[in-house]
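Reader: I would like a close look at one part of this model. Please take me through its aromatic rings.

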Amino acid sequence: MYAIGLMSGTSLDGVDACLIDIESINGKINYQLIEFITKPFSETLLKEIETCIALEKSHVQAICSLNFKLGHEFSEACKLVCLEANVSLSEIEFIASHGQTIWHQPTESGSYVKSTLQIGESAVIAYETNCQVISNFRVMDMAAGGQGAPLVAYTDYLLYKNDHKNIVLQNIGGIGNMTYLPKGCSIDDVISFDTGPGNMMIDYIMQKYFNKPYDKDGLTARSGHVVEPLLNELMSHPFINEKPPKTTGREMFGKEFVEQILTKYHEVDKLDLITTFTTFVSLSIVNNYKQYLNDIDEVIISGGGSYNTYLVDLIKQQLSCEVKTLEEIGENASAKEAIAFALLGYQTLHHQNNNVKNSTGASRDVILGNITPKPWR
């Protein structure tokens, strides 16, 4: 069956949409990627998202409006990926949408309970495409006592488990998250958690000081030097050494945090800032491996950070195992998370548990996601 997966992450670079063909043979799920596109956000819409995720600027009317605007944006991404694939929307069995995270609070804080909010109204997507939509994946895991993330561990297990290798799947998007698959593992052996920031801080500094959306190929970072006091302060962040299960986001490593650091280190050369922050991302990833994982035979890197060759080289230098990008094994590194949510949606429709409780901290296995039915026949 044809399905569409939608992902809009912490990097805020737009909507990723994949069209895949899924089938289940003898209980094993297989898929073929038919088409993948990224629909960038307009400057106006991006500013609205940035307003809604900022505590000092956000308000309920803005979030309410953006919820519907993003529903239309996600619908357009669905239409565009079908157009590129020359597939009619009427052939799509379902759409699985992660939504745009506005706030993610994985632990209690004062009177605020554990909670998460992803918007991008599923009713709008369903109406505009006349397809059933699975959305709101994170909340059921949280209802079961989990942190609502990371969720791609389930699909990593389905697709990449190996009887002969201990494998780490490392995604580097706005945030870094990993899945560890011990050789011959069962679902209960899987370890998955957020390693810390990914591209988020690097992208912010590139935009602020270099007027570029990101550090293409890591060329800017290669040109600078590491500022040790700054690196040591970044590595002292409590999240880096926090024990799993753990998740994080823009709330912890976003603009406010970066601006505090930049103010303190305002005399540091701008090139050196990029080099130091990039080194910090690599160290935060490897530090988590060394603290919380056992033997590693292979690391496979995906997400936008996999195209930053300087960042990948830094990770390789610190590990004695084989390190590859998803592209190097013949897959699309940018499409991985959109594909993951399409596969999660497939399991939801078939009433299959699809969280990994050992990774999220949930009390039990649950079925993730809300189903919005096809609005008319």
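Author: Here is a walk through the ring pairs and the charges over rings. This is a predicted model, where local features need pLDDT of at least 70, side-chain atom pairs count only at pLDDT 80 or more, and totals for chains, interfaces and linings use all residues. Residues are numbered from 1 along each chain as its sequence is written, and side-chain values use heavy atoms, with hydrogens and water left out.

Searching the whole structure gives five aromatic pairs. Rings of Phe, Tyr and Trp (its six-membered ring) pair if their centres lie within 6.5 Å; planes under 30 degrees apart count as stacked, over 60 as edge-to-face and the rest as tilted.

Take F137 and F341. Their ring centres are 5.3 Å apart and their planes stand at 65°, so this pair is edge-to-face. F137 sits in the loop between β6 (132–135) and α4 (138–143), while F341 belongs to helix α14 (residues 336–349), so the pair ties together parts 204 residues apart in sequence. Helices (H or I, at least four residues) and strands (E, at least two) are DSSP runs, numbered from the N terminus. F137 is buried, at 1% relative accessible area. F341 is buried too, also with 1%. Buried means under 20% relative accessible area, exposed over 50%, partly exposed in between (1.4 Å probe, protein chains only).

Now F253 and F257. Their centres lie 5.6 Å apart with planes at 85°, so they are edge-to-face. Both are buried. With F239, they form one aromatic cluster.

K246 lies over the face of F239, 4.7 Å from the ring centre. K270 lies over the face of Y209, at 5.0 Å. A charge sits over a ring if NZ of Lys or CZ of Arg is within 6 Å of the ring centre and within 35 degrees of the ring normal.
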